[in-house]
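I opened this notebook to keep track of what I looked up in the structure, entry by entry.

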Amino acid sequence: MGAVSKQTADIMRVLGSFREFGTDDELSEAMRRPEACDFVYGNPHDVAPKDYVDALVRAAQPTGSSHYAYTMDLPAAVASIGEDLRARFPVAFHDHDIHLTNGNFVGLAIALRTLVDPGDEVIFVSPPWFFYETLIVAAGATPVRVLADRDHDFDLDLGAIEAAITPRTRAIIVNSPNNPSGRIYRPEQLTALATILEEGSTRSGHRIYLLSDEAYNRIVFEPHTFTTPAAYYPHSFLLYTYAKTLLSPGSRLGYLAVGPDIEGADDLRAALQIGQITLGWAYPVSILQHAIPELNAMRPDIPVLQRRRDTLVSTLREQGYEVVEPQGTFYVLVRSPIEDDRRFAEVLRTHDVFVLPGGMFEMPGWFRLSVTANDDMVERSLPGFAKAIAEVSA
Ligand SMILES: Cc1ncc(COP(=O)(O)O)c(C=O)c1O
């Protein structure tokens, strides 16, 4: 027997090429150079805004002896989240069904652990956020991949989802606005999805739950609007992270909200709490919990993100690239002018432009840009994109 458990070895295998890419020291060093135009991950490239930092500093000041005590879901924090959710969405979330998490990584891990047994299946849509499969395997379930409808702007392929449901299906992960496609699923699609899940639950004799990963639900571009899939299917978990809205993924803060009419509400409430404790007290640190009421009032600078998106979409199209215009999120999908997306990422790299190759997120032949790259990077990158496509087309 080796040092690592079979389950851990399986998880590492699933993460595969992403592990390699994410730990490439030479690449990381090249990306840190001042000349680098870094579009790889959704990381901030501007210093955190003063009002964000001030809110954390205020929240660090003890309000009493329990300020830094073991805290599960701080009442003032969940009350402020509950108010915000009820104002935005037509779902009467109860404050006691809101669980604070360390972002959607943890929200998903807790929800999956709570729901699945070995052999259960969890459906996810491809191209996915690159950790879904890993998190499903880590929870002991079997991932079932359903391709998005590429002929219709990466919409949900409802027929394929219906066909993928088996008696072992326990949950489906839906991510809208979608990373990497930027697609926001329309109400008609969500209504149809709810019917499919309801019928699938009836057929299999147990409830199929919807895990609605809404990391980007506040990053929506004009003229699009977002409605939560949880408003269409009561048996949903709404998962949110402040990482994207406040461009602070290192702060590890989010929440999971369970709908008031979810099947098994009482059991789930207790089980989610146990899930958080057994995952290693997976609650946000005290300072973040105390800051939530102030953080809830902060908004991303959509006009800035939209301007960067527009510059990249229009300029790259003029240069001859095929580009998918996102409706939300801060990602832009681009088709690699050569089949080998890794090779093309290397060509771009010689011009100090760093992108995420599509092979990392099940879209070989494409690459993804994050418009969290600052304005200066976006401007400086444009000649690099032009030279790279000219070089490979010559
Ligand atoms: C779709 C999606 N879900 C979940 C996450 C993880 O969020 P967090 O880092 O806040 O846990 C990300 C981060 O990139 C994401 O894009």
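Before reading any bridge partners, I noted the criterion: two strands count as paired if DSSP finds at least two bridges between them. I also kept in mind that I am working with a predicted model.

Entry on the parallel pair. I turned to strand β3 (residues 121-126) and strand β4 (residues 142-147), which run parallel and are joined by six bridges. I checked I123 and found that its bridge partner in β4 is V144. Between β3 and β4 the chain passes through helix α6 (residues 132-138), and I recorded this β-α-β crossover as right-handed.

Entry on helix α2. Which residues of helix α2 (residues 25-32) are buried? I found L27, A30 and M31. Seen down the axis of α2, these buried residues fall within an arc of 100°, so they line one face of the helix. On the other side of α2, I listed D25, E26, E29 and R32 as exposed.

Entry on helix α13. For helix α13 (residues 341-349), I noted D341, F344, A345, V347 and L348 as the buried residues. They lie on the same side of α13, because the arc they cover around the axis is only 155°. When I asked what covers the buried residues of α13, I found that the cover includes β11 (353-354), β12 (356-357), β13 (366-370) and α14 (375-393). At the N-terminal end of α13, I identified D340 as the cap, with a side-chain oxygen 3.2 Å from the backbone nitrogen of R342.

Entry on the ligand. I counted 13 residues surrounding the ligand, of which the closest are D213, Y216, T241, K244 and R252. For K244, I noted a polar side-chain atom 2.7 Å from a ligand oxygen atom, while for F105 I noted a backbone N or O atom 2.9 Å from an oxygen atom of the ligand.

Notes:
Residues are numbered from 1 along each chain as its sequence is written. This is a predicted model: local features need pLDDT of at least 70, side-chain atom pairs count only at pLDDT 80 or more; totals for chains, interfaces and linings use all residues. Side-chain values use heavy atoms; hydrogens and water are left out. Helices (H or I, at least four residues) and strands (E, at least two) are DSSP runs, numbered from the N terminus. A crossover is right-handed if, with the strands pointing away from the viewer, the path from the first strand over the helix to the second runs clockwise. Buried means under 20% relative accessible area, exposed over 50%, partly exposed in between (1.4 Å probe, protein chains only). The arc is that of the directions from the helix axis to the C-beta atoms. Contact means heavy atoms within 4.5 Å. A polar contact is a pair of N or O atoms within 3.5 Å; within protein, one must be able to donate a hydrogen and the other to accept it, and residues adjacent in sequence count only if both atoms are side-chain atoms. A residue is near a molecule or strand if one of its heavy atoms lies within 4 Å of it.
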